[in-house]
Amino acid sequence: MHLSDDERTEEADKVSSRIAQILSETAFSFSPNEYISIHRKLFRVSTNTPER
């Protein structure tokens with residue numbers, strides 16, 4: 001799948017926002033399970049995709 005520059009920028013903005021949200025959580029820790037959870041949160045296909 002090839003994304004346009006605008007689509008790539010939009011996706012990067014979404015991921016950046018998710019990173020900021022994760023880092024601001026008071027219960028943040030960097031365990032293996034948290035790493036998997038972070039990856040899922042950051043790289044959801046769209047904002048309508050539910051978290052697991």
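**Stop one: a nonpolar patch**

Start by selecting Ile19, Leu23, Phe28, Phe30, Tyr35 and Ile36, which make a nonpolar surface patch of about 620 Å². (Patch residues have over 30% relative accessible area and no salt bridge, with nonpolar side chains joined within 5 Å; areas are Shrake-Rupley values with a 1.4 Å probe.) You're looking at a predicted model, where local features need pLDDT of at least 70 and side-chain atom pairs count only at pLDDT 80 or more, while totals for chains, interfaces and linings use all residues. Numbering starts from 1 along each chain as its sequence is written, and side-chain values use heavy atoms, leaving out hydrogens and water.

Helices H1 and H2 each supply at least two residues of the patch (helices are DSSP runs of H or I, at least four residues, numbered from the N terminus). Phe28 sits in the loop between H1 and H2.

**Stop two: the helix pair**

Now show H1 (residues 5-23) and H2 (residues 32-42): their axes come within 9 Å and cross at roughly 145°. (Axes are lines fitted to C-alpha atoms over the stretch in contact, with angles from 0 to 180 degrees between N-to-C directions.) Select Val15, Arg18, Ile19 and Ile22 of H1, then Ile38, Lys41 and Leu42 of H2, to see the contact (heavy atoms within 4.5 Å).

**Stop three: a salt bridge**

Finally, pick Glu10 and Lys14, a salt bridge whose closest N and O atoms are 3.5 Å apart (the rule: a Lys or Arg side-chain nitrogen within 4 Å of an Asp or Glu carboxyl oxygen).

How values were computed
Patches are made of residues with over 30% relative accessible area and no salt bridge: like charges are joined within 9 Å, nonpolar side chains (Val, Leu, Ile, Met, Phe, Trp, Tyr) within 5 Å.
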